[in-house]
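Subject: Structure handover

Hi there,

Here is the structure you asked about, with some notes on what turned up in it. Have a look at it first, then read on.

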Amino acid sequence: MKKTRVLVADDHELVREGIVKLIGLFDDYKVVGEAADGLEAVVRVREYFPDLVLMDLNMPRMNGIDAIRKIKEISPEILVIILTIHDDEEYVYKVTSAGAEGFIQKDITSEELKDALDSVLEGDTVFPSSVIPESRDGEDESVDYRELLSKREFEVLGLLARGMSNRQISEELFISEKTVKNHVSNILRKLNVNDRTQAVIAALKHGLVRLK
């Protein structure tokens with residue numbers, strides 16, 4: 001059986017060693033390299049070309065966000081999961097916008113870690129349940145959001161998920177910033193959320209965007 005090749009990056013040696021040992025217990029995964037900071041993670045990716053990178057968010061020399069972007073420049077096919085103590089929506093937004101497929105917390109169990117790795121390999125995006133928008137009063141869980149949003153709104157939503165500003169979206173789609181603003185307002189209303197960050201998280205929850 002071919003094992004998924006994993007690179008582990010964390011500036012805390014004991015934490016990194018613990019993660020490596022834990023992944024070593026999974027039959028279908030193999031740790032092929034380690035890194036003590038973001039810059040070394042990028043160097044090791046060039047050296048080993050792993051299938052998946054599991055790394056901390058806050059690291060010296062290069063933070064996790066910049067490291068994600070560099071890794072995706074090397075190969076968009078390399079999957080990246082951030083393992084961190086943070087669970088703030090803004091962190092999730094920055095991580096997913098940079099191109100990561102997953103954002104999980106360090107206090108998860110070994111079973112939850114295995115499930116997260118498996119889910120990402122299957123093409124899903126994983127993030128903490130604490131940032132998934134809760135269903136609101138009167139919200140119909142059976143709503144088909146693909147039918148609710150227009151084609152243009154889907155395009156705008158996809159660009160929001162890539163971290164683009166209204167100006168960048170207007171340039172990408174050749175429409176005015178005012179038109180973009182109107183589309184964003186419609187998206188927030190239809191998804192029943194308050195801001196762009198929540199819109200992206202809701203889009204991930206409902207499978208409306210793929211962060212590739």
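A contact here means heavy atoms within 4.5 Å. By that rule, and leaving aside residues up to four places away in sequence, Leu157 touches Leu149, Ile187, Leu191, Ala199, Ala203, Leu208 and Val209.

Please bear in mind that this is a predicted model, where local features need pLDDT of at least 70, side-chain atom pairs count only at pLDDT 80 or more, and totals for chains, interfaces and linings use all residues. Residues are numbered from 1 along each chain as its sequence is written, and side-chain values use heavy atoms, with hydrogens and water left out.

Next, the salt bridges (a side-chain nitrogen of Lys or Arg within 4 Å of a carboxyl oxygen of Asp or Glu). The structure holds 13 of them. In one, the closest N and O atoms of Lys190 and Glu153 are 2.9 Å apart. Lys190 lies in helix H9 (residues 177–191) and Glu153 in helix H7, so this pair ties together parts that are 37 residues apart in sequence. Helices are DSSP runs of H or I with at least four residues, numbered from the N terminus.

Within H7 (residues 151–161), Glu155 and Arg152 sit three residues apart, about one turn of the helix, and form another salt bridge, with closest N and O atoms 2.8 Å apart.

Best wishes

Definitions and conventions
Helix = DSSP H or I, 4+ residues; strand = E, 2+ residues; numbered from the N terminus.
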